[in-house]
Amino acid sequence: MSQTLTSAPASGGLPTPVSTGPVRLHINGETQTLQLAPWTSLLDALREYAHLTGTKKGCDHGQCGACTVLVNGRRINSCLTLAVMHDDDDITTIEGLGTPENLSPLQQAFVDHDAFQCGYCTPGQICSAQGLLNEGRAHSEAEIKELMSGNLCRCGAYVGILDAVKEVVDKQ
Amino acid sequence: MSQTNHIGKAPSRVDGPLKVAGAAHYSGEFNVPNLAYGYVVSSPITKGKILKVHADEVRALPGVLEVFSHENVPYLAWFDKSYKDQIAPGGSPFRPLHAPDITFNQQPVALVVADTFELARYAAALLRIDYEQQEHETNLETKRTEGYAPGGGKIGFQPPPPPRGKPDQALKDATHSIEAEYAHGAQHHNPMELFTTTVEWRGDGKITAYDKTQGVYNVKNYLMGVFGLGKDDVRVVNQFMGGGFGAGLRPQYSVFMAVLATLELKRSVRVTLTRQQMFSIGHRPNTLQLVKLGTNPDGTLAALQHHALHETSQFEDYTENIVNWSGMLYKCENVKLGYQLAKLDIYSPQDMRAPGAASGNVGLEVAMDEMAYAAGLDPLEFRMRNYADRDQNVDKPFSSKKLRECYQQAAAKFGWETRTQEPRSMRANGKLVGMGMGGGVWDATQVKSAAKALISADGHLTVRSATGENGTGTYTIMTQIAAETLGLPLEAVTFELGDTDQPEAPIQGGSWTAASVGTAVKNACNALGEKILKLAQKPADSPLKDAKYDDVEFVNGQLRLRLDHDQAVVLRDVLQASGETQLEADSSAMPNMVKQNGYSLHSHNVAFAEVEVDEDLGSIKVTRVVSAVAAGRILNQKTARSQVLGSVVWGLGMALMEETVMDHKFGRYVNHNFAEYHIPVNADIPHIDVIFVHEDDDIVNPLGVKGIGEVGMLGVTAAIANAVFHATGKRVRDLPILLDKLL
Ligand code: FES
Ligand code: FES
């Protein structure tokens, strides 16, 4: 027995994609004007157009937290928002928090506590934690664990992540 | 000069600053000029044929460069062997875009390439493909009687040893016996980084593939075979991998697609799989196990039988070692082990962290718990009574085995003595409390590896080997080994990896990297050391004039006589005085078969877990885990601990969360995303203690290391399952233990 199936809907001529326009983003204190189509996510704008690849893509569906950045100081999943919605916004990525030669306190704590293995979820973890710090939230271990649970880590570095964030929270 | 003993210490990762600052470049993060983007189209049917790909409609879109499918892919290698990678199992490897036949759901059927990622994705969604659908079968339950023993199998596969003693009679005569079936569904590796390949077109038919892989040479050889490329035409690079867990052992179709498009379009192309497509690249197979155990009056094992059946694809005999471990973990004279595969309309499974062992371990260690209860024994005491001092599978002693010490130290740390044996006998915080344990065994393997060491006149050492860094700490431990061998501080050493321009290293798997590449690094540094000694001996008044290499040591930036530390020269002075700008040496390392032949080489572990179960809701919370590992010498306490912590998280996921659910009507995984394929998150993680029990072992390899990436995962899943039984009195034998199974 067999039956036939066509995978995508038949169409009366395919609609042509829309054109690009300038989008002004203040990324890590620098103003950049990118030529972007409206369908470009903030995550892809950062990675593929601004070539800031510190922000990671783990799912593109808001399910993993790898793409977390700070927009006007707030944590968001950059894969779930379109770049054009952020004209003139202040965006802080992992590259804006510190550099390998000059790490931020959170970044240093992540190194000290070995709060990562492969490092792929790490920029998102650190941006999330920075958001918690900015907001003055997360004081107890239980709160940190709960509020950091939107950031998956397949390497399972959660113990180190908790210890690193706790250390910086406690110092504040 | 600072202290230069580095091995066994706990330095932070040398690549840590790059990773935490977002400055480590993974394979999708190379900004090559004039890059095009490919998006893979996956089959919505499970079995059948493609009738037509309506590519022209999509090709007509401005910005779309090409649509590749079996209809227009150029002539590629014809024979299976060109597609076989280093660890391909028996059978015919899957060839992407090769034929109209569909043999599994989500099979990649086309690649749409466009100027931007968004356009490629859009065009891929519009691509019409006509299929003829046929009946499929994806349910292992239907194949219970159709299992077959695989013929060959991939490298590392060992068919179960023949039965020993009288396993059937002994089981019949046993004082107590149990028999139970254990099952788990498919599980997917799901590293956080999506499979991505950026292929740079270097002109004139030459390419560099920045590929997500655990083996750059494996991918290079595959590409040479499939695309008929010469050795100098293709370079494969992977300096950072966002997690592998086995998913990157074989070349994935992302690299095939990206290279195909690059060669055809003569333009650089990046292909990134979606998270959904990450469920079409191999998995831990759905496995059914039958375990039968019997005991003698004194609580020793009278008989042990363990049989496993797991799924594979129609085209390959994927194999793993599931039951063999059961013949060596405990002492038992009457043993029967069986292993079978069954073919389904799925993609080939793929090694996933502690492949085989993780599955078989759950069967064995839950059965041991059941047996302990049936025999009226404490589960730890039961294991002590059946401790194996020899590997009875091969009738050899272990080169080293401190599992007993693992049991003792972990039990003490955990407070096992506070446990009351009766199920449902412990409570806290209004919840049922359970304590369980499980242990495991994994291979200590060394395979052939090569490395190159170079030292510049200013005393900076660079060591290279084409191994990988997927979170295991390779950069760091190799830097430690190299620095200690030549008596340098860590800052004076750079270790480079993941590039086929470097000396060949094996695929990064099997927990063998530390032993294999580590030994090659040590050998290369020693080869360089011999050259340095020769230079040091050139001056007529050299204090080392008549020394042999074995008489000297490199410590704290000096080269000195082992027996007279005052007879020393400063390394940097030697190099500078020599007038050479750089010295270099190559070396490789192989296992010492003569030394190893009389021994069984294995690492061991045990895990103790405590759970709290809310009886009204069925919810399970793991509250504590203690894991003890005996894996020879630990090179880096910090990174090794992290590997074991991660393993515990994996064991927890396998016990309570992970399962890729197949809808057999469609032959399709239905929870193929991170919202529905559950992995542990931070809030799920209990307090975890890690204990390393040191073993002195100069038989396994000159470094005395056994590898720890996989052994730490064993025992954990069973410990949690056994703790759930202890808490509730309910024995759940199919993983994961979801709350509905307790209600
Ligand atoms: S990539 Fe944005 S949440 Fe996963
Ligand atoms: S460090 Fe690898 S996923 Fe978190």
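Author: **A close look at B:S27**

Leaving aside neighbours within four places in sequence, B:S27 is in contact (heavy atoms within 4.5 Å) with B:E193, B:T196, B:T198, B:Y210, B:D211, B:K212 and B:F240. Before going on, some ground rules: this is a predicted model, where local features need pLDDT of at least 70 and side-chain atom pairs count only at pLDDT 80 or more, while totals for chains, interfaces and linings use all residues. Residues are numbered from 1 along each chain as its sequence is written, chains are lettered from A and ligands numbered from 1 in the order in which they are written, and side-chain values use heavy atoms, leaving out hydrogens and water.

So where is our serine? B:S27 sits in the loop between α1 and β1 (36–42) of chain B; helices (H or I, at least four residues) and strands (E, at least two) are DSSP runs, numbered from the N terminus. B:S27 counts as buried because its relative accessible area is 3%, and buried means under 20%, with exposed over 50% and partly exposed in between (1.4 Å probe, protein chains only). One of its contacts is polar: the side chains of B:S27 and B:E193 come to 3.4 Å. A polar contact is a pair of N or O atoms within 3.5 Å; within protein, one must be able to donate a hydrogen and the other to accept it, and residues adjacent in sequence count only if both atoms are side-chain atoms. For a sense of scale, B:Q421 is 394 residues from B:S27 in sequence and 52 Å away in space, C-alpha to C-alpha.

Now let's step back to where the chains meet. Chain B brings 80 residues to the contact and chain A brings 65 residues. Between them they bury about 5800 Å², 58% of it on carbon and sulfur atoms; buried area is the accessible area (1.4 Å probe) that two parts lose on being put together, summed over both. B:V20, B:M192 and B:N682 supply 14% of what chain B buries against chain A, more than any other three residues.

There are charged links too: six salt bridges join chain B and chain A, a salt bridge being a side-chain nitrogen of Lys or Arg within 4 Å of a carboxyl oxygen of Asp or Glu. A:D60 and B:R121 form a salt bridge, with their closest N and O atoms 3.8 Å apart. On chain B's side, α15(B) gives the most, with nine residues.
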